[in-house]
Amino acid sequence: MKKAGGKIDFANDHVLTLTGLTYVRNDGVFVFHSPYNGTGSSERGACYASDNEMLDPRFLTDRTTRMKFSERAGMLKDCLVAEFNSWYIGGIAHEMGHMFGLYHDFGNPAELRPNTIALMGEFGSRHFDDYRWGGPQTSHLSAAGILQLLSHPVFTQSRKEINTHKWLSVSDLQFEKQDSSILLKANVEADDMPYGLTVLIHPWNMDEYRNESSIYTLSSAGQIEIPLRNRINGLYRMTMLFIFPGGAVQPVFKFFSVGDDGIKVLSVPGQGLVDVKELYNRLSKSVQTNQTKQKLRILEGVIKHNPPVDAATHIGDSLYLSDAKWHLGTVGWERPVRNYYSTETEATFFLENKNELFEKGIFAHSPSVYQFRLNKKWKRFSAIVGLRDRAHAQGSAKFTLLGDGKVLYQSPALRAGHRDEFKVNIKNIDVLELKADGTEGHNYNSWAIWLNPLLER
């Protein structure tokens with residue numbers, strides 16, 4: 001931030017950072033040891049890659065010079081310098097797509113040709129302008145990606161809707177199997193009706209890189225009837241991305257099965273993507289233990305989606321940061337959320353550490369950054385940090401708390417089943433920043449969480 005000299009607002013801008021974290025070994029192999037990822041939304045985002053002397057679009061037509069390079073994953077590749085630039089420039093473009101909020105997307109079969117591949121899908125990042133050096137495929141943005149970017153503030157130059165997460169509810173979801181297609185029906189309610197919808201579908205046993213995408217427009221009536229391509233029998237995961245005029249995107253996740261007896265929307269307790277209302281209704285009917293009551297309180301908060309509190313103007317004696325408005329929120333996987341972990345499965349929905357359930361906390365899968373503006377109104381901050389239960393033993397995270405850029409606290413490397421607690425003085429601090437990073441050169445299962453993150457006067 002100091003190097004930027006105030007010209008870049010990391011809390012509100014979309015920033016591509018090219019590092020110098022590359023070197024040449026004695027055997028001539030270029031070694032990249034830099035973050036190579038991106039995360040963001042219509043509001044803000046960050047993307048990282050490494051620069052070096054062989055990275056230059058002018059080399060995309062060089063069909064004679066060869067080079068060897070190795071990335072953090074350890075893969076060694078011997079190729080034309082042109083192909084290296086296709087891989088690396090395409091990788092930067094792919095991660096910038098995430099920086100703008102795009103999901104993994106293999107495109108629609110109607111879009112694909114033998115010599116094309118979707119930039120945001122499986123292996124698409126490796127084929128930037130392949131045609132310039134004679135490569136087999138050239139990557140492109142899918143129609144779904146283009147639709148999402150059409151109202152993105154970076155491209156429309158309109159005012160960004162900072163910290164606005166649109167409320168939207170999908171009900172009466174059903175599928176009808178027709179002769180040559182599947183008809184998806186649903187009712188949509190929202191504070192502001194979205195104008196567009198992207199549907200991403202992939203078989204449950206395949207990676208999300210294989211998402212097949214389709215795009216649709218929505219009317220103000222809130223009823224949708226969408227024809228989808230017919231599918232063979234099996235289990236599928238579906239992401240519905242509702243797109244709003246200001247660029248905001250609200251995802252809705254569902255499972256469905258295709259069988260000889262028709263198509264069914266799945267709601268399997270403990271498995272699959274969480275339907276928060278369904279989970280709340282089911283727990284309401286179960287035995288009311290103390291833990292069940294805790295979970296119901298958490299779910300009520302998620303369903304009510306109360307607007308976050310501005311810590312800079314709040315007048316109470318205390319405030320959980322998980323209820324406060326952040327001015328920057330980025331995570332290394334999924335999206336920033338408060339007071340729960342993830343909707344990926346019911347087993348990992350709630351914030352749990354050392355078999356203890358927490359009602360207040362922030363999901364912070366590394367690498368993650370949250371910034372809060374305090375306006376020098378608070379005196380103390382305390383929290384518990386650790387990995388969410390069920391994280392793999394290979395996962396780890398280190399937590400750092402900064403006040404106006406100065407380190408106030410840093411944890412040791414923590415793994416599943418561990419935690420650290422702290423309380424620090426934050427008097428006269430204007431911007432409080434919470435960071436979490438993996439500690440072994442990767443963020444695999446780095447299921448970081450900030451628990452009971454409390455501001456006090």
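Reader: What makes the five strands β19-β23-β28-β25-β26 an open sheet?

Author: In this predicted model, the five strands lie in the order β19-β23-β28-β25-β26 with antiparallel pairing, where a strand is a DSSP run of E of at least two residues, numbered from the N terminus. β19 (328–330) and β26 (406–410) stand at the edges with a single partner strand each, so one side of each is left without a neighbour in the sheet. On average, direction ignored, neighbouring strands here are turned by 20° against each other. Residues are numbered from 1 along each chain as its sequence is written, and side-chain values use heavy atoms, without hydrogens or water. Local features need pLDDT of at least 70, side-chain atom pairs count only at pLDDT 80 or more, and totals for chains, interfaces and linings use all residues.

Reader: How do you know that β25 and β28 are paired?

Author: Pairing requires that DSSP finds at least two bridges between two strands; six bridges join β25 (residues 398–403) to β28 (residues 431–437), so these antiparallel strands meet the definition. For K398, the bridge partner in β28 is D437.

Reader: Why is C47 called buried?

Author: Buried means under 20% relative accessible area, exposed over 50%, and partly exposed in between, with a 1.4 Å probe and protein chains only. C47 has a relative accessible area of 1%, and is therefore buried; C79, with 1%, is buried as well.

Reader: How many disulfides does a search of the whole structure find?

Author: The search finds zero disulfides, a disulfide being a pair of cysteine sulfur atoms within 2.5 Å.

Methods: Helices (H or I, at least four residues) and strands (E, at least two) are DSSP runs, numbered from the N terminus. Axes are lines fitted to C-alpha atoms, for helices over the stretch in contact, and angles run from 0 to 180 degrees between N-to-C directions.
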